[in-house]
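Visitor: I've got a model up on my screen and a few things I'd like to ask about it. Could you walk me through it?

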Amino acid sequence: AAAPTWSTAACFAGQAKPSPSFKMRVASTIALWASIEVLLADALALRRPTRLFAATEASSRSLQRPPGSFSECISQAQAAVKGAIEDGYTLVEVEFPPLPVALLEDVSSSADDIMKANVNLGLDFAQVFALDKTVKLLYPDTFEATRAKEILGTTSPGPNVEIHSMRKTAASTATSFDQLLGGIFGKRAGELDLPEKAGYFICLGFSCQELPDLEELHKTYPDVPIIGFNLKLDSARGDLGLPAFPPRDLHNRFLSRWKPSYLLRTRSYALSLPRPPFVLSYQGALFRSYPEPFQTLLDVGDGRYKAVDVADARPALGEFKDILTQNLQLGENEDTNSVLGKLRKGVVNKTWWERLSDDEESTEWRT
């Protein structure tokens with residue numbers, strides 16, 4: 001990396017001529033900063049996932065574009081999941097915003113609004129798989145399964161499609177007050193009610209505390225594809241190990257085996273600037289449709305996204321943010337790529353599950 005391009009003569013214009021020893025100290029300081037920048041650049045490069053091609057080529061590469069509507073999103077997700085299952089994957093992840101981003105960020109949007117959207121989208125998604133096999137839409141407990149039936153207005157949502165509850169609610173099965181409180185505060189209560197075998201299991205509404213039930217389902221039917229529909233597994237991984245939540249080992253032995261077949265995850269950030277407007281808001285999306293690679297997309301306004309990076313492995317959350325930030329057109333005076341900018345930002349941090357570990361039984365969730 002080039003040393004800072006400033007002149008010692010300009011710094012001392014109109015003053016007494018600096019001594020040779022002072023000039024040597026200035027030159028040494030410049031060389032030191034240049035060495036630090038080289039080391040930082042090398043370190044940051046080692047922490048990034050391998051790219052299939054340069055970011056400048058990403059926008060011209062023939063890759064699937066992100067969906068422009070929910071119907072297109074469902075069609076893309078169906079094709080991606082079918083391709084992953086045909087390639088032998090039985091734990092498959094689908095994630096995309098169930099509502100427009102503006103509505104998701106609106107404080108007036110409730111959890112019930114999100115559930116209604118997921119219930120209807122999940123049924124639309126299931127239709128193509130129900131053409132030749134039975135599909136069971138699985139909900140974590142009786143309450144959510146009953147609510148899904150109310151939203152759909154029927155107990156039989158379609159040909160070859162059934163709704164099933166994985167576990168009865170604590171209130172209906174608790175034999176003591178302690179068991180009822182345990183169910184309220186995170187301890188799974190009630191009898192696990194595994195469904196009969198089906199062609200596909202599509203799982204909706206499972207929280208982090210309820211993911212062990214899906215592990216039992218997979219152990220019982222290891223050859224039946226299990227599709228996690230908008231389960232937000234990354235958020236669930238962040239809760240593992242906390243009080244009243246499953247241990248972190250659940251990721252190593254089970255969640256690490258889920259294949260992200262269709263992923264459209266949006267993120268918003270803010271960047272501090274040394275000049276007006278002082279705070280710059282920007283956003284982007286991580287998009288993947290199996291078997292294609294992961295695309296990092298920068299929102300350029302008017303609902304348009306520009307592919308700024310493509311990688312064969314899912315970038316960490318911090319790496320994703322850095323890629324977006326480095327592709328902002330901030331002008332020559334901004335220092336996001338300078339030595340001082342990198343020092344202020346610090347080393348890219350990774351969450352515990354994003355760091356490579358020998359305890360992780362599979363790397364499928366990364367690719």
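Visitor: Let's begin with one glycine: is Gly-199 buried or exposed?
Guide: Keep in mind that this is a predicted model. The relative accessibility of Gly-199 comes out at 16%. The cut-off for burial is under 20%, so Gly-199 counts as buried.

Visitor: Where does Gly-199 lie, and which residues does Gly-199 touch?
Guide: Gly-199 is in the loop that runs between α8 (177-184) and β4. Leaving out residues up to four places away in sequence, the ones Gly-199 touches are Lys-133, Thr-134, Val-224 and Pro-225.

Visitor: What separates the C-alpha atoms of Gly-199 and Asp-132?
Guide: Along the chain these two are 67 residues apart. In the model, though, the C-alpha atoms of Gly-199 and Asp-132 are separated by 8.6 Å.

Visitor: On to helix α9: which of its residues are buried?
Guide: Helix α9 spans residues 211-220 and is mostly covered, with seven of its ten residues buried. Those are Leu-211, Pro-212, Asp-213, Leu-214, Glu-215, Leu-217 and His-218.

Visitor: And what covers the buried residues of α9?
Guide: Both strands and helices take part. The cover includes the strands β1 (91-95), β2 (135-139), β4 (200-203) and β5 (226-229). On the helix side, it includes α10 (233-239) and α11 (249-253).

Visitor: Stepping back, how many helices and strands does the chain have, and what share of its residues is buried?
Guide: The count is 13 helices and nine strands. Of the 367 residues in the chain, the buried share is 43%.

Visitor: What share of the contacts with a separation of 6 or more comes from residues 24 or more positions apart?
Guide: This one is taken over the chain, counting contacts with a separation of 6 or more. Residues 24 or more positions apart account for 69%.

Methods:
Residues are numbered from 1 along each chain as its sequence is written. This is a predicted model: local features need pLDDT of at least 70, side-chain atom pairs count only at pLDDT 80 or more; totals for chains, interfaces and linings use all residues. Side-chain values use heavy atoms; hydrogens and water are left out. Helices (H or I, at least four residues) and strands (E, at least two) are DSSP runs, numbered from the N terminus. Buried means under 20% relative accessible area, exposed over 50%, partly exposed in between (1.4 Å probe, protein chains only). Contact means heavy atoms within 4.5 Å.
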